[in-house]
Amino acid sequence: MAIASSPGPRIAHVGAISLGTPDLETSLNFFRDLLGMEEVQRVGDTVYLRGYQELKHHSLVLFASEKPIVDSYSFRVGRPEDVELYAQELKEQDIEVLELPRGHQAGRGTAIRFMTPYSDHPFEFYYDIDAPEAPEEIRSKLPSNSSRRRGLGVRRIDHYNVQTAPQNVAPAEKWLRETLDFKRREYVHVPEADMLIASWLSVTPQVHDLAIAMSPEEKNGQLHHVAFNLENHSDLLVAADVLRDHDVVFDVGPAKHGIAQSMYLYLRDPGSGHRVELYAGGYQILDPDWKALEWTPLNMDYGATWFGDPLPMGPDGSMYSSTDSASLTSLLGEGLTIG
């Protein structure tokens, strides 16, 4: 006999990150002309871009800003009604929720914005989003591609990696799992102190759509990096060669993570200083009974970097979100509305 059920709201996948940059044209040259993302639309000092395998309107928003800031981390939810269902759930937890009108980001429908408890990151949830065709001169013959592969061939946005104060990692990660239904896939733990250092979480078969870790500066609301996906390891090595010739600053790599088993290259957007990861490979999780993999300080060297240079873990490794819980209600009136 079939069992009737009414599933709660769920997140479908990572949507788009919105980044403020002091040098919009330099950032645009980096993402569009070097990495090969498509410029979908420009509204004033805001530009919307996507990778060549993204059919929806955008996965990256760049806007002019006096300083490098993160305006929002967006996620698309699974059903139209999930936006309101999440709003109700958040309000029941006394979390302030802003309702954003259609067009708050170009090409996107109504959305909600809130600050994540404990970690203070500005999240946005939406469902409706346009799927415009690319201009004919760059349109792909493959219907699964929005445009032809250009530049270094960024396919899509892959994941966010955020940081928060050490004492907040465990409660923030628990909230993400219990309220937003993220699944813990791999994590770093200090057994003697029962301390969570970092966690890789996903709502898709990826090892992580979102990672959260301790901030070396012991601050909330930090972005460590946003990752964009390349097709294979060879593409990543070609990207390193090309970007080196364009004087793009490398943080570390090319190298391979033990966690997620992906090749990586950490870069800085020359226009803003935001860290960007180029990411290729990795494994997928299809088991419904997956048990999260634990790393400890004894073997974490293999987890962070399986081969290649060690990852820098110092306090200069993060950029900051411009928002905090006190400023959330005033965001729409402070010039951070985009599009």
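**View 1. Glu39 and the pairing of strands β2 and β3.** In this predicted model, Glu39 lies opposite Leu49 of β3. Strand β3 covers residues 46–50 and is joined to β2 by five bridges, the two strands running antiparallel.

**View 2. The open sheet that contains β2 and β3.** Eight strands make up this open sheet, and their order is β2-β3-β4-β1-β5-β8-β7-β6. The pairing within the sheet is mixed. Its edges are β2 (38–43) and β6 (98–100), each of which pairs on one side only. From one strand to the next, the twist averages 25°.

**View 3. Helix α2 on the sheet.** Helix α2, residues 82–92, packs on the eight-stranded sheet. The strands that α2 touches are β1 (11–21), β5 (69–77), β6, β7 (111–115) and β8 (122–126). The direction of the helix makes about 30° with that of β7.

**View 4. Strand β16 and its pairing with β13.** Strand β16 spans residues 275–281. Six of its seven residues are buried, so the strand is largely enclosed by the rest of the structure. Strand β13 (residues 222–229) runs parallel to β16 and is joined to it by four bridges. Within this part of the model, Phe228 stands opposite Leu278 of β16.

**View 5. The hairpin of β15 and β16.** Strand β15, residues 262–268, pairs with β16 in the antiparallel sense, over seven bridges. Leu267 faces Val276 of β16 as its opposite residue. Six residues lie between the two strands of this hairpin. Gly273 takes a positive phi near 85° in the hairpin.

View 6. Glu277 is found in β16. The residue is buried yet has no salt bridge. Arg275 carries the nearest side chain of opposite charge, and it is 8.8 Å away; a salt bridge would need a side-chain nitrogen of Lys or Arg within 4 Å of a carboxyl oxygen. The side chain of Glu277 does make a polar contact with the side chain of His225, at 2.9 Å.

**View 7. Residues in contact with Glu277.** Neighbours within four places in sequence are left aside here.

How values were computed
Residues numbered from 1 in each chain as written. Predicted model: local features only at pLDDT ≥ 70, side-chain atom pairs only at ≥ 80, totals over all residues. Heavy atoms only, no water. Buried < 20%, exposed > 50% of the residue type's maximum accessible area, 1.4 Å probe, protein only. Lys, Arg positive; Asp, Glu negative; His and termini not counted. Polar contact = N/O pair within 3.5 Å; in protein donor to acceptor, adjacent residues only side chain to side chain. Contact = heavy atoms within 4.5 Å. Pairing = 2+ DSSP bridges. Axes fitted to C-alpha atoms, helices over the stretch in contact; angles between N-to-C directions.
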